[in-house]
Amino acid sequence: MKRRVEKIARDLSGRLAAWEGVDTITLAEFAEMDPTDPYFFMSFDVLYRGNIPDLNQRIQTFSDVGAFESSNVATKDRFIIDSIPVRIEYKDINRIDSDLKHADERLWIFRQSGTYIFYRLSNYRVLHSKTEWIQNTRKKLKDLPEEFWKALEESSFAAAEHYLSDLQSAVIRNDSLFYLISLAGFLKNLSSTMFVLNRRFEPSGRDLYQRVLELPDLPENFRGRFYSIVHESDEFPPSRKQELAELLLRSILPMMS
């Protein structure tokens with residue numbers, strides 16, 4: 001199966017690289033998973049300068065695939081080829097360069113997805129590279145200014161505090177839906193804060209749980225409390241999970257001094 005995935009990766013990368021303006025093509029680590037894993041799929045990032053072909057041209061490029069669809073709100077395509085799900089995201093290099101140059105001034109970029117965009121740039125496997133842009137960008141990402149990390153610490157911690165306040169309100173009101181929304185927001189932003197404090201880029205949500213527990217610098221009892229909040233148990237009803245959330249947030253304060 002891995003041989004088939006490699007063949008498809010080379011085939012699709014060759015088609016994409018033929019487009020004018022395409023500089024770099026990378027592939028996410030999910031393609032290395034067992035194909036029976038529900039998280040398995042092929043995810044490509046196509047980094048380009050200028051413009052990419054319009055939708056009709058892209059459809060022609062992938063005329064042999066099935067279930068082709070494209071997003072109306074972002075430059076993304078997805079389809080099935082040889083029974084394998086494929087996702088392609090197109091990213092403008094000039095915009096990435098600008099965001100990287102002014103990273104400490106554009107924290108709004110990281111409010112929803114954390115530093116996942118930087119994780120992708122740093123860790124995805126390079127299938128095609130026309131210039132040294134990706135190598136140079138990876139060097140820059142290893143040397144981000146401390147001002148960026150400190151500003152991100154404050155913003156992600158503040159977001160976690162906000163969701164904790166919502167969580168407390170939901171527990172008092174016994175609002176089950178808002179409780180779940182608030183708990184999810186809290187856990188996401190708490191995780192983001194821990195990655196920032198460890199000076200690591202944040203992975204996909206699919207890997208978040210395992211990766212956050214593997215971080216080298218965690219407060220005492222963090223893993224046990226985090227596990228107890230994430231997993232369902234009669235011992236930890238909403239009110240108890242709210243208390244654990246308060247303890248978790250309080251425990252990381254010394255790391256921010």
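**Salt bridges and a buried strand residue**

The structure holds 18 salt bridges. The model is predicted.

Arg199 takes part in two of the pairs described here. Its side chain meets that of Glu146 in a salt bridge, with 2.4 Å from N to O. Glu146 belongs to helix 6 (residues 146-173), whereas Arg199 sits in the loop between helix 7 (176-197) and helix 8 (205-213), so this pair ties together parts 53 residues apart in sequence. Glu146 is partly exposed, at 43% relative accessibility. Arg199 is also partly exposed, at 29%.

A salt bridge also joins Arg199 to Glu153, at 2.9 Å from N to O. Glu153 lies in helix 6 and Arg199 in the loop between helix 7 and helix 8, so the pair links parts that are 46 residues apart in sequence. Glu153 is buried, with a relative accessible area of 3%.

Within helix 8, Arg211 and Asp207 lie four residues apart, about one turn of the helix. They form a salt bridge, and their closest N and O atoms are 3.8 Å apart. Arg211 is partly exposed at 28% relative accessibility. Asp207 has a relative accessible area of 16% and counts as buried, because the cut-off is under 20%.

A network of salt bridges links Asp45, Lys76, Glu89, Lys91 and Arg120.

Met42 is found in strand 2 (residues 42-48). Met42 is buried, with a relative accessible area of 0%. Residues that Met42 touches include Val5, Ile8, Ala9, Leu27 and Ala31. Ile84, Pro85, Val86 and Arg87 are also among its contacts. Phe30 is 12 residues from Met42 in sequence, and their C-alpha atoms are 6.5 Å apart in space.

Technical notes:
Residues numbered from 1 in each chain as written. Predicted model: local features only at pLDDT ≥ 70, side-chain atom pairs only at ≥ 80, totals over all residues. Heavy atoms only, no water. Helix = DSSP H or I, 4+ residues; strand = E, 2+ residues; numbered from the N terminus. Buried < 20%, exposed > 50% of the residue type's maximum accessible area, 1.4 Å probe, protein only. Contact = heavy atoms within 4.5 Å. Salt bridge = Lys/Arg side-chain N within 4 Å of Asp/Glu carboxyl O. Lists of a residue's contacts leave out its neighbours within four places in sequence.
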